[in-house]
Structures are given as C-alpha cells and as structure tokens.
Amino acid sequence: MTQGSTQPERRPTRRRRRRGPGWVPDQHGAWAMLAVPLLVGVFLGSPAWVHVPLAALWFVGYFAFFATGLWLKSRFKARWWPPVRAYGIATVVPAVAVLLLRPDLLAWVPLFAPLVAVSLWSSYRRSERSLLNDGATVLAACLMLPVAFAAGVGPGARPGAAWPGVWPLMPLPDGVTGVAGIGWLQVWALFVVVLAYFAGTILYVKTLIRERGERSYLVASVVYHLAAGVVASAALAAAGLVWWPAAALFAGLTVRAVWVPRTQATPMQFGMGEVVASVLVTVVVLVLPQTFEAVGSGASGAVGAGGSVAVGAGGQGGLEAGAAATVVP
C-alpha cells in the first residue's frame with residue numbers, strides 16, 4: 001500500500017492470450033456429415049484396426065480443410081496460417097498409419113481430390129455459400145461411407161483374402177462380404193440414401209436462414225425431398241434391400257421441408273431437429289442391411305457368414321442365385 005492510501009495495491013493482471021482464428025470449426029452442421037457416413041461405413045464393413053487412424057485422419061483432415069479455407073478466403077494473411085500449418089502437420093501421422101496398413105485405399109484419392117479443390121477454390125473466391133461448394137463438400141463427406149466399408153472388408157480385416165482393389169463397383173473376392181453378407185451393390189444403395197439426405201439439408205437450411213421467405217427455394221426444397229425419396233427407394237429396391245423405411249423417412253423429411261420454414265423456429269430449435277433427423281437416417285441405414293440377410297436367407301444359404309458367393313457390383317452372385325427364392329419381408 002502507498003502512503004496515504006486506504007486501498008490495497010493492485011497487482012498487475014496478465015491478459016489472457018486470445019487464440020487466433022481458424023482453430024475451431026464453427027459449422028456445426030458439418031459434424032453430422034463427418035460422423036454419420038464414417039460410422040455407417042464402419043458398421044457395414046465390420047470394424048478393423050485401420051478404422052482408428054482412418055477416423056483420426058478424417059477429423060483432423062477436416063480441421064485442416066476448414067482452416068485452409070479461411071486462409072484462402074483471407075488472401076493468405078499471416079494470422080490465418082498457424083492452424084493450417086498445425087493441422088496439416090497433425091494429419092501426417094494418421095495418414096502414414098493408414099498407408100502402411102492399407103495402401104490400396106489410395107485408390108479413393110482421385111474421387112476426393114477434385115471435390116476438395118472445388119471447395120477450396122470457392123473459399124478463395126469467397127463463394128463458400130454457393131450451391132456448388134455445398135454440393136462438393138456434401139459429396140466428399142458421404143464418400144467416406146464406401147471408403148470405411150472398403151477398409152473393413154479388405155485384407156486388414158480378412159487376412160489371406162485375395163483383394164483385387166477398392167474402386168467403386170469392384171466385385172468383392174469370394175467369401176468376402178460386409179455385415180449380413182452385403183456387397184458393393186448394397187453399399188452404394190445405402191450411400192445414395194445418406195447422400196440424398198445430406199444434400200437435402202443444403203436447400204432446407206437455406207429456407208430457414210439465408211433464403212427464408214423465398215418461395216423459389218422453398219419449392220425447390222420440397223420438390224427435391226420428394227424426388228430424393230423416390231430415387232433412394234428405387235436404389236434400395238434395385239439392390240435387394242427393403243425400400244419402404246427410406247420412403248417413409250423421406251416422406252417425413254418432405255413434410256418437415258414444407259412446415260418448419262413457415263414456423264418461427266429459432267436456429268437452436270431447427271438445429272436440434274437436424275440432430276434428430278441425422279439419428280433417424282443412421283438408424284434406418286443401419287437396419288436396412290439386415291433386410292438383405294432375410295432376403296438372402298432364402299437363396300439356399302448362399303449368402304451368409306460362411307457363404308462362398310460374393311455379391312458384386314452388378315448384382316451378380318448372391319442376388320442372381322437367390323432371385324427365384326427371394327422373399328420380401
């Protein structure tokens with residue numbers, strides 16, 4: 001205390017160092033798009049050790065992607081560079097682990113590369129809210145479903161199995177199938193369902209925020225959900241899976257697309273609604289493979305845990321063998 005003062009002397013306080021921008025993604029809707037396709041793919045192909053570094057690479061890679069987009073949008077300002085550098089370095093370890101365990105997964109890079117390039121270019125052009133950018137990011141996120149499936153049914157999960165490759169529609173080796181005996185035809189049908197849902201959120205969310213009150217966006221959202229339900233149901237039926245759960249799901253999503261924009265729902269409320277919808281989509285997609293097991297069980301046991309008939313991309317093998325004995329539950 002100083003002389004003649006009745007107040008205690010104040011100690012200098014340290015200012016908290018504020019973390020720079022770009023470290024934590026603020027796009028909350030992206031978390032479901034990251035998690036759902038990955039989880040579904042892991043389930044369909046059965047968990048394998050490679051899924052651990054693959055999941056780490058997927059999420060850390062998203063952090064790096066998000067930070068890079070902000071850096072490009074800022075026109076390479078130095079204050080946006082640290083998270084790009086940090087997350088870029090952090091992806092090295094899981095990427096190397098995935099390559100060591102499953103180098104064949106590199107076959108998927110050509111599918112992701114142009115989508116990532118489109119999105120980063122949109123960030124540089126400051127048009128990250130465009131439908132083109134949204135579509136590219138949704139498609140890239142949903143592609144993790146077949147990638148995770150391929151990781152689960154590959155040689156890392158089935159030692160000694162001959163593995164011809166993991167390109168889309170590549171037939172699986174004899175005796176190698178995913179959960180409930182499904183193959184690539186069923187996986188891509190389920191991919192269509194997941195993609196149709198998340199692509200629909202692009203228009204739906206715009207009708208709630210940036211384009212609220214715009215009749216053209218509302219009509220487009222409703223028409224899209226109707227068409228998506230038809231396409232998803234047709235894909236499931238063609239793959240030998242029961243289609244009506246997906247049809248009922250998209251019917252509900254269509255009603256939501258009509259009703260919610262007309263309400264006074266807050267961002268928190270429709271955000272919670274998105275969480276519920278994502279959970280429902282996940283449940284439906286995870287249940288559908290079991291219907292294939294029920295259908296395939298009538299095919300003289302050709303498709304199953306010990307079956308030797310592979311279900312290929314063109315619906316060959318188990319589907320053709322069991323066509324005459326197929327019973328739709």
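**Helix packing and nonpolar cores**

In this predicted model, helix H3 (residues 81-90) packs with helix H4 (residues 92-101) at an angle of about 25°, and their axes are 4 Å apart. Helices here are DSSP runs (H or I, at least four residues), numbered from the N terminus. Axes are lines fitted to C-alpha atoms over the stretch in contact, and angles run from 0 to 180 degrees between N-to-C directions. H3 is therefore roughly parallel to H4, a term for angles under 35 degrees. Gly88, Ile89 and Ala90 of H3 meet Val92, Val93 and Pro94 of H4. Contact means heavy atoms within 4.5 Å. By class, five of these residues are nonpolar, one is polar and none is charged. Gly counts as polar, while Ala, Val, Ile and Pro count as nonpolar.

The largest nonpolar core has 71 residues. Such a core joins buried Ala, Val, Leu, Ile, Met, Phe, Trp, Tyr and Cys residues through side-chain atoms within 4.5 Å. Buried means under 20% relative accessible area (1.4 Å probe, protein chains only). Leu44, Trp108, Phe198, Leu236 and Phe250 have the most contacts inside this core. Helix H8 (residues 184-208) gives the most to it, with 13 residues. A second, separate core of eight residues includes Tyr204, Leu218, Val222 and Phe270.

Alanine 248 lies in helix H10 (residues 244-259). Its relative accessibility is 46%, so alanine 248 counts as partly exposed (between 20% and 50%).

Residues are numbered from 1 along each chain as its sequence is written. Local features need pLDDT of at least 70, side-chain atom pairs count only at pLDDT 80 or more, and totals for chains, interfaces and linings use all residues, while side-chain values use heavy atoms, without hydrogens and water.

Terms used: Helix = DSSP H or I, 4+ residues; strand = E, 2+ residues; numbered from the N terminus. Parallel < 35°, antiparallel > 145°, perpendicular 65-115°, else oblique.
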